[in-house]
Amino acid sequence: MSDASHEPDQAPPADRAVLQRAFALQRPLARAARIAHANGSGYVVFGGLSLIFAAPGLDVLGLVIGALLLVVGANARRQAAALRRAASAAPQLLARGELILLAGLVLYGVLGLTVLPGAGDAMVKAVGNTKGLGFDVRKLGDSINTAWYAMVIGVAVLYQGGLARYFARRRADVDSLLREVPQWARELLPEGE
């Protein structure tokens, strides 16, 4: 006697529909989790490198930025796994991390434009007598300085601001998955990267 409803390979059509919906709703969360994990890994690497390069000269600002990158990166990696599992707080925690990093980078840029010594002074010191060069080394250094810090601010606003918005919008995806898919179906969703 073979009853199709009791065969292990066959799920009832209603269950198949629930699983298809679960996979469809998890897709944007899985993508966001991959982005958060990769982004967090990059932050950890650059944070570590910043610390390595800032430590010998006791560059306080470099140490702070490196530590900030490490903390935000570790959090992003941890929250990526939570987002894949549709944890309600993960989108906001990822967005908050990006906003904290954004604030740190903007502060760094503003300090570089206003308080920190400019590259012009360092270039004049390095070159020495600049009379025969035919251009103002200090002006060139200050222009490079301004361009660098303005670029840091602009890229941070676009990149970290954009990611914060992207992650915050995943809250609706989490809510839909939790609301529309029963627990048994969510448990069958893959958790790996």
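Helices and strands here are DSSP runs, with a helix needing at least four residues and a strand at least two. One thing to keep in mind throughout: this is a predicted model.

1. **Overall make-up.** By that assignment the protein chain has 6 helices and 0 strands. Reading from the N terminus, the order is simply α-α-α-α-α-α. The protein chain has 193 residues, of which 34% count as buried. If you look at contacts between residues at least 6 apart in sequence, 77% of them join residues at least 24 apart.

2. Helix α1 takes in residues 13–54, which is 42 residues. From first C-alpha to last, α1 reaches 60 Å, close to the 62 Å expected at 1.5 Å a residue.

3. **R170, an arginine worth a click.** R170 sits in helix α5, which covers residues 137–180. Is R170 buried or exposed? Its relative accessible area is 14%, so R170 falls under the 20% cut-off and counts as buried. As a reminder on helix geometry, an α-helix has 3.6 residues a turn, so residues three or four places apart point the same way.

4. **Aromatic pairs.** How many aromatic pairs are there? The count comes to 2. One of them is Y108 with Y149: the ring centres are 5.3 Å apart and the planes stand at 65°, which is over the 60 degrees needed, so this pair is edge-to-face. Y108 belongs to helix α3 and Y149 to helix α5, so the pair ties together parts that are 41 residues apart in sequence. Both tyrosines, Y108 and Y149, are buried.

5. **T146 and L113.** T146 is also in helix α5. The C-alpha atoms of T146 and L113 are separated by 6.2 Å, though the two residues are 33 residues apart along the chain. T146 is partly exposed, because its relative accessible area of 43% lies between the 20% and 50% limits.

6. Most residues other than glycine have a negative phi, so the next two deserve a look. L58 has a phi near 50°, a positive value in a residue that is not glycine. A86 has a positive phi of about 65° and is not a glycine either. Where are they? L58 lies in the loop between α1 and α2, while A86 is in the loop between α2 and α3.

7. **Their surroundings.** L58 counts as exposed because its relative accessibility is 64%, over the 50% cut-off. A86 has a relative accessible area of 4%, under the 20% limit, so A86 is buried.

Terms used:
Residues numbered from 1 in each chain as written. Predicted model: local features only at pLDDT ≥ 70, side-chain atom pairs only at ≥ 80, totals over all residues. Heavy atoms only, no water. Buried < 20%, exposed > 50% of the residue type's maximum accessible area, 1.4 Å probe, protein only. Expected span 1.5 Å × (residues − 1). Phe/Tyr/Trp six-rings, centres within 6.5 Å; stacked < 30°, edge-to-face > 60°. Contact = heavy atoms within 4.5 Å.
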